[in-house]
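Here is a short tour for anyone just getting started with protein structures.

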Amino acid sequence: MCESDGTTIHESEEQAIHDVSDEQNPTTFAELGLSPEMRAAVEAQGWTTPTPIQRQAIPTALTGKDIVGIAQTGTGKTGAFMIPALERLEVGGGLQVLILAPTRELAQQVAEDTALLAKGTSIRVEAIYGGVGYGPQNEALALGFEVIAATPGRFIDHMQRGNADVSKVKFFILDEADRMLDMGFRPQIEEVMRKVPRSRQTMLFSATMPNGVHDLALRITNEPYWTEAAPSGTLASGIEEKVFSVKPEKKPELLLKLLADPAMDQVLIFSRTKAGADVLESRLEREGIKAAAMHSDRGMKQRQGALQDFADRKVRVLVATDVAQRGLDVEGISHVINYDVPQDPEDYVHRIGRTGRAGATGYAFTFVTAGDIGHLKTLEHHLGRPIEREHLPEFDYAGAPREDTSRGSRGAKSRSPRGLGSRKPGELSEEELARLLGQSS
Ligand code: AMP
C-alpha cells in the first residue's frame, strides 16, 4: 500500500505507477522519438535533456495511450503532455487539443508554452478564461484553432452559446486536476467530457492524488499509464527551506532585514490576505524597494501588469495572495517568502514550487509566529520531515519552536540559505548577521 495525501492507492495500482527515476528511460530528446521540427523547437528553448516526467510520459503518449501523471508545476509537465499532442495533431483540422486548467494564469501559461513549442508551424493556440471579453475567444473558436487552453467555467459558457465545436477533439488534457476539483469544477469537467469524442486520448496531470482525483482519473481515462514525477506532497528538488520564528509585530522588520541581502533579487511574497498584500506593497515602496501586489481585488489588467513587471524585473518583489500560487511561471524567482504560514500544507508545496525551477536553486522562507505553531506542525507532518529553523534573537518570540530532530531532516542539516552560512539555528550573532545580510548596502 502507498499512502499519499491521505489517499490509499491499492497495491495493484501502485505497482503500475512508473517511477520517473527509472534509468531505462531515454535520456535525450532525440531518443524520445520527436520529429525534427519538435526537436528544433525544444532546443530553441534551451531544453537540452528531457525532465524525468517528460522521459516517462512522452514516448508512451506518442503511442496514443492515456496518461495519468502525478507531477507538480516546475517538473516540465506541460512539455510532457503538449509535446506528444502537438506531434500528433493535424494542422487545419479544427480544435483537437483541449486543455482544462484551474486558473486563468495557468491557462495563459500553458497557451504560451504551447505557442513556443509550436513556433515555426501553423498551429494556432488560444487561452480562454473568464473576466475578459468574448471577442478574440469567439474568433479563435470560430476559426478552429487547433489548441485551446481554457478554464472550465468560461469554456462551458462558450459551449452553451454554441461557439465551441469539440467534436474533433483528439487530446483532452486536465492540468492540475486536484486544484480544479478543489475549486468545484467537477460538474464542468464532466460536462465537457460528455461532449468530446470517446475516441480521444486523455491525459490527466495532478500535483497530488487524493481520492476525488483518483476516481476522476479512473473514470475519464482508458487503461492509462500512471507516472509519478515526485511522491505526492514532496517538493521539487533544489529548494532550500527555512522557517523564521518571529513576533507578529516584527514581521515587516524581519522582511526588510532579509531583503537587505542583494542575493534576494526576485522575491515572491505570499500574504494571507489581500489587505495584507496591499499594506506590504506600500511599506516596501516606502522603503525604496520596488514592489507590486497581485490579488483578486485587482483587475485583470492590473494583475497582468504586476506579473509582467515582475517577470521583466521592473519590480524586485511581487506580493501575492494565493491567486499566484499555481500557474505562475516566472523564470528566476530567487526566493519565495511565506509572510504568513499557509493554512493548507498543499498550498505550501505549490507556493514554494515557484522557485527552484528546472534545475536552479531556490530559497523558501516561512515566517512563523507563536500562534502559527499548530499550522507548522501540521505542515511538517504532511511533508514527513521538519523544516530547518532560523532564530534571530531580535525578531524571535519566547518559546519559539525548536527543530524536531527526532525524525531526521532531509536538507535541514546540510543546507542553508544563501547568505546565511552553514551555522546551526540560533548561532548567528547580530554582527555576523548584519555582515552576512549586507546590511550596509
Ligand atoms: P512546467 O512544470 O511545465 O510548469 O515547467 C516548468 C519550467 O521548466 C518551465 O519554465 C519550462 O520552460 C521548463 N522546462 C520544461 N521542460 C524542460 C526541459 N526539458 N529542460 C529545461 N527546462 C524545462
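## The chain as a whole

First, keep in mind that this is a predicted model. The protein chain folds into 16 helices and 17 strands. Of its 441 residues, 56% count as buried.

Now for the contacts. If you take those between residues at least 6 apart in sequence, 74% join residues at least 24 apart.

## Around the ligand

There are 16 residues around the ligand, and the ones that come nearest are Thr49, Gln54, Gly74, Gly76 and Thr78. Sort the shell by type and you get four nonpolar, eight polar and four charged residues.

A polar backbone atom of Thr49 sits 2.9 Å from a nitrogen atom of the ligand. On the oxygen side, a ligand oxygen has a backbone N or O atom of Thr75 at 3.0 Å, and a backbone N or O atom of Gly76 is 2.8 Å from an oxygen atom of the ligand. On its own the ligand has 500 Å² of accessible area, and the protein covers 88% of this.

## Two helices to look at

Start with helix 10, residues 211-220, where the buried residues are Val213, His214, Leu216, Ala217 and Ile220. Look down the axis of helix 10 and these buried residues fall within an arc of 165 degrees, so they line one face of the helix.

Helix 14, residues 345-352, is mostly covered, with eight of its eight residues buried. Among them are the charged residues Glu346, Asp347 and Arg351. What do the buried residues of helix 14 pack against? Their partners are helix 8, strand 11, strand 12, strand 15, strand 16 and helix 15.

## A buried glutamate

Glu146 belongs to the loop between helix 6 and strand 7. Is Glu146 buried or exposed? Its relative accessible area is 0%, so Glu146 counts as buried.

The side chain of Glu146 reaches two backbone nitrogens: that of Gly92 at 2.7 Å and that of Arg124 at 2.9 Å. Beyond its neighbours within four places in sequence, Glu146 also touches other residues, including Leu89, Val91, Leu95, Val97, Ser122 and Ile123.

Technical notes
Residues numbered from 1 in each chain as written. Predicted model: local features only at pLDDT ≥ 70, side-chain atom pairs only at ≥ 80, totals over all residues. Heavy atoms only, no water. Buried < 20%, exposed > 50% of the residue type's maximum accessible area, 1.4 Å probe, protein only. Helix = DSSP H or I, 4+ residues; strand = E, 2+ residues; numbered from the N terminus. Arc of directions from axis to C-beta. Contact = heavy atoms within 4.5 Å. Near = heavy atom within 4 Å. Polar contact = N/O pair within 3.5 Å; in protein donor to acceptor, adjacent residues only side chain to side chain. Areas by Shrake-Rupley, 256 points an atom, 1.4 Å probe, with all protein chains shown as cover.
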